[in-house]
Amino acid sequence: VGKKVQAIYLWWHKPVIDKELLQSLPNLKVIANSGVGMDHLDLKLIASFGVKMANAPRAVSSATADTGMALLLASARRLVEVHNISISPSMEYCEADILGVKVTGATLGIIGMGSIGYKIALRAKAFEMNILYHNRTRRKMQEEQAVGATYCKKIDSLLQQADFVMLVVSLTPQTHKLIGKRELELMKPTATLINISRGAVVDQEALAAALQTGVIRAAALDVTSPEPLPREHPLLKLKNVIITPHLGIKTDKATYMITEEAVENILAALNGLPLPSEVLPS
């Protein structure tokens with residue numbers, strides 16, 4: 001049926017798009033991805049076959065922003081730890097051992113202020129947080145003012161000031177291991193790292209060491225590299241880490257909206273119209 005296939009809808013990186021598959025589908029016009037991140041695709045290879053590509057930024061941004069704030073709050077108030085205490089047979093604990101950190105009035109540093117990062121800023125404003133952000137391009141002044149965000153041209157400045165650092169960048173060669181030993185040591189010892197982008201944006205071995213030695217207070221990760229982590233990985237053994245299995249977009253409504261957005265892009269491509277969410281190779 002290879003000659004009949006004109007569109008592919010990718011769900012959770014499947015099917016794998018490689019040269020062999022592209023060669024077997026001579027009439028393929030478009031690949032629609034179920035999410036924003038395109039790091040699993042060779043965009044230049046796909047474009048060389050004359051195939052258009054689209055993602056689903058409108059459908060996923062709110063759900064992913066919700067996940068980021070959920071992880072921030074859960075880590076700050078140590079919800080996983082205190083849940084385990086609450087269901088334990090003895091329920092023995094010392095109040096001093098379960099103290100969380102205050103979110104209201106704390107400083108949130110957002111690295112990556114695209115549509116998801118901006119929605120996180122909107123949510124953080126409701127918690128009366130001070131917002132710093134680092135991005136390749138600065139937001140418009142009115143957008144900054146709407147959420148009370150301050151631009152940090154250099155990432156180091158953000159890391160040194162933030163109580164919570166939220167990673168919301170795409171995975172590219174430039175962002176691979178963006179947060180390593182040096183960056184972690186710039187952070188406050190009371191700070192929390194939250195990653196809702198891609199696991200490879202963080203040097204996970206350096207992160208584990210930093211959490212074990214008190215370089216930073218805690219981490220909350222919705223993404224790891226690989227997914228899932230090997231069961232013996234040191235991050236899985238630390239109390240000051242929350243790890244979720246890439247929940248970012250996983251709500252009933254978001255899943256439906258992703259499919260709608262993908263279909264919209266596919267129909268546009270098949271009818272020779274501009275794709276609403278086209279992604280071009282860089």
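This is a predicted model: local features need pLDDT of at least 70, side-chain atom pairs count only at pLDDT 80 or more; totals for chains, interfaces and linings use all residues.
Where the two domains touch, eight residues come from domain 1 and five residues from domain 2. As for where they run, the domain assignment gives domain 1 as 2-55 + 251-279, while domain 2 covers 60-243.

Let's look at the place where they meet. About 530 Å² is buried between domain 1 and domain 2, and carbon and sulfur atoms give 64% of that area. There's one salt bridge across this interface. On the domain 1 side, the residues touching domain 2 are four nonpolar, three polar and one charged.

Now zoom out: the whole structure has 11 salt bridges. Here are some of them.

| Salt bridge | Closest N to O distance |
|---|---|
| Arg198 and Asp39 | 3.0 Å |
| Glu81 and Arg78 | 3.1 Å |
| Glu185 and Lys181 | 2.7 Å |

What does the bridge between Arg58 and Glu261 tie together? Arg58 belongs to helix α3 (residues 57-76) and Glu261 to helix α10 (residues 252-270), so this pair links parts that are 203 residues apart in sequence. Arg58 is partly exposed, because its relative accessibility is 47%, but Glu261 counts as buried at 4%. Glu264 joins in too, as Arg58, Glu261 and Glu264 form a network of salt bridges.

Glu185 is partly exposed at 46% relative accessible area, and Lys181 is exposed at 56% relative accessibility.

Note on methods. Residues are numbered from 1 along each chain as its sequence is written. Side-chain values use heavy atoms; hydrogens and water are left out. Domain bounds come from an automatic or database domain assignment. Contact means heavy atoms within 4.5 Å. Buried area is the accessible area (1.4 Å probe) that two parts lose on being put together, summed over both. A salt bridge is a side-chain nitrogen of Lys or Arg within 4 Å of a carboxyl oxygen of Asp or Glu. Ala, Val, Leu, Ile, Met, Phe, Trp, Tyr, Cys and Pro count as nonpolar, Asp, Glu, Lys and Arg as charged, and the others, Gly among them, as polar. Helices (H or I, at least four residues) and strands (E, at least two) are DSSP runs, numbered from the N terminus. Buried means under 20% relative accessible area, exposed over 50%, partly exposed in between (1.4 Å probe, protein chains only).
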